[in-house]
Amino acid sequence: MLSIGDLTNHPFDQFDIPSLVAERAHTRADHPFLVWEPFDAPRQVWTYAEFAHVVDQVAAGLAARGIKSGDSLLVHLDNCPEIIFAWFASAKLGAVCVTTNARSAPDEMSYFASHSGAVAGITQPKFADMVAAACPDLKWIAVTETDNGDAPAHGPAGDSFNALKADPTDAPRRVADPAAPLSVQFTSGTTSRPKAVLWNHANGLWGARMCALHEDLRDTDVHLIHLPLFHTNALNYSLLATLWAGGTAVVLPRFSTSRFWEISLRNKCTWTSLVPFCSRALLDVEVPSEHHYRLWGNAYCAPPDDAHF
């Protein structure tokens, strides 16, 4: 039996998440990868080459702030470009990105930070004071300029996330290791304390590859992402699968019934992942006569609302 530590005939031998980003930046350089659609701010677009450049900037900045391979970085954010850049920059360094549920209470945050051994954190203005108080052992906290696109009620309570960006040529280089730790997500804790689920790079790549295959994703697809990126559905099923296919990911701050079709039409979205709440909410909205969706994913088989859409 082949163990993950044995790279003989390993499907991702000498390949990892940064390798995939670099490959797409080379083969799909000018194709849009990330589209950010905040509700109250201008739309932003990064091509694959531009995305890889920013990832290297953030990776270099994290390294300059002392983050090294094997360190855990706590990332407590709603949907925004920064959660994506932080995740991929951590992967570039060989650090472990610990993404936490943005609705977590202070006691939960204390547990997440201590249990994962996080050395630093990234959050947004409305969470900054809580994270600082709940996670006193973090060496530093970087704070985004906005609350997932909305102007904050008060200014950032820590270092600016944008100040993390440094010379991309200073981003550390390391040998690609598919068995290296990549990311941690915590379970919902239904029966006890949430469990820290560790992904390695091979887990992320396998999820990206198999989700892209099962979704029939193509490099022409535009995947709308409105579910939370701290969860495996949006991160793996939508974002990583889109990266594997070479398509485009359109990211929203959160699901919005009133904006769903407007944003879908503007970006010519062809794919999205829904949960029953979203499907039920959209039943009350007129379906455009001509939209671009060819498939979408539901949380259950043969839903009765298929005919409606």
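Which residue in E5 is the bridge partner of His76? I found that His76 has Thr123 as its bridge partner in E5.

**Basis.** I worked from a predicted model, in which local features need pLDDT of at least 70, side-chain atom pairs count only at pLDDT 80 or more, and totals for chains, interfaces and linings use all residues. Residues are numbered from 1 along each chain as its sequence is written, and side-chain values use heavy atoms, with hydrogens and water left out.

**Sheet.** I took helices (H or I, at least four residues) and strands (E, at least two) as DSSP runs, numbered from the N terminus. Two strands pair if DSSP finds at least two bridges between them. Strand E3 (residues 72-76) and strand E5 (residues 118-123) run parallel and are joined by five bridges. I read the order of the open, seven-stranded sheet as E7-E6-E5-E3-E4-E8-E9, with mixed pairing. Strands E7 (159-160) and E9 (196-200) stand at the edges with a single partner strand each, so one side of each has no neighbour in the sheet.

**Helices across the sheet.** Axes are lines fitted to C-alpha atoms, for helices over the stretch in contact (heavy atoms within 4.5 Å), and angles run from 0 to 180 degrees between N-to-C directions. I noted that helix H4 (residues 106-116) lies across E3, E4, E5, E8 and E9, at about 160 degrees to E3. Helix H6 (residues 201-214) lies across E8 and E9, at about 80 degrees to E9.

**Ile17.** I looked up Ile17 in helix H1 (residues 17-27). Ile17 is buried, with a relative accessible area of 0% (buried means under 20%, 1.4 Å probe, protein chains only). Not counting residues up to four places away in sequence, Ile17 touches several residues, including Trp87, Ala91 and His201. Ile17 and Ala91 are 74 residues apart in sequence and 6.6 Å apart in space, C-alpha to C-alpha.

Methods. Buried < 20%, exposed > 50% of the residue type's maximum accessible area, 1.4 Å probe, protein only.
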